[in-house]
Amino acid sequence: MAGPDFLRAVLYGGYEILVSPMAMFFMDLIIIMFIPSLYIASKVVKDRPFSSYSSSRGGWNFKLYFKALIIPMILFIVYMIAETAIKGPEGTSNFSIAFLLLLFISVPLQCIAEEYMFRGFIMQTFGAWFKMPVLAIVLQAILFTVCHQYNILGLFETLVTGLGFGFLAWKTNGLEISSALHTANNFAVGLFVMLGLKASTSSPQLWEVVASIVFLIILFIIMYYVGNKTNWFGEISENSQNR
């Protein structure tokens, strides 16, 4: 259970970690711990409220997060179905109750924690230092990329993803939209790996990366357009007065 393969999966991550629910849980737990750590640090330092890391609209808004989750979840699953139809099933089924629970509980928390880390703490810190939002978006995306263990094509895709998430966090004044996209992506990938429909690899092929980047850009545009039309970005948390 805790042999060399398990330790390698936890330390280096990548899509290969998806074949081991236990390694996936520990990897997610390490990332999730960033949220309480940032909360405690904000209380100790007292330089700014913890809620400011998640939004300038009064703190984290779960209603907005769940609303924003619907479109990308549907589109990611449709995209994965189309990819599977073209390539055929590539993996081996790893279905288990533990894996399913991880997808519904651990994955969303891990994705939200990464957004707090990169689009919250890091991007806001760079923004405060340089007073240039575009530079802050680029720098956090680079750090987001180097923290992933993929091949060069996978890293380029991750860079585009980080730029898109950063742009949406900046334009929407919060982390809910980027967190919803992040959750939908990781959930869909995990689901298809669990069912044996997708191979868990950190070395994607060129055509896969190109197709994924085109899809992501279209999805970013859709989310931004829908958000503007429905005034998602102006929503204030119901608990904002107490934060």
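Predicted model: local features only at pLDDT ≥ 70, side-chain atom pairs only at ≥ 80, totals over all residues.
**Overall make-up**

The protein chain is built with nine helices and zero strands. Read from the N terminus, its elements run α-α-α-α-α-α-α-α-α. Some totals for the chain follow.

| Property of the protein chain | Value |
|---|---|
| Share of the 243 residues that is buried | 48% |
| Accessible surface | about 12,200 Å² |
| Share of the accessible surface belonging to carbon and sulfur atoms | 71% |

**A nonpolar patch**

Which residues form a nonpolar patch on the surface? They are Val 134, Val 138, Ile 142, Leu 143, Val 146, Leu 163, Phe 167 and Trp 170. Together they have about 630 Å² of accessible area. Two elements each give two or more residues to the patch: helix H6, spanning 133-146, and helix H7, spanning 152-172. H6 supplies the largest share, with five residues.

**One residue up close**

Ile 142 is one of the residues in the patch. Its place is in helix H6. Is Ile 142 partly exposed or buried? Its relative accessibility is 40%, so Ile 142 counts as partly exposed. The reasoning rests on two cut-offs: buried means under 20% relative accessible area, and exposed means over 50%. Partly exposed is the class in between.

Definitions and conventions
Residues numbered from 1 in each chain as written. Heavy atoms only, no water. Patch = residues over 30% accessible without salt bridge, like charges linked within 9 Å, V, L, I, M, F, W, Y side chains within 5 Å. Areas by Shrake-Rupley, 256 points an atom, 1.4 Å probe, with all protein chains shown as cover. Salt bridge = Lys/Arg side-chain N within 4 Å of Asp/Glu carboxyl O. Helix = DSSP H or I, 4+ residues; strand = E, 2+ residues; numbered from the N terminus. Buried < 20%, exposed > 50% of the residue type's maximum accessible area, 1.4 Å probe, protein only.
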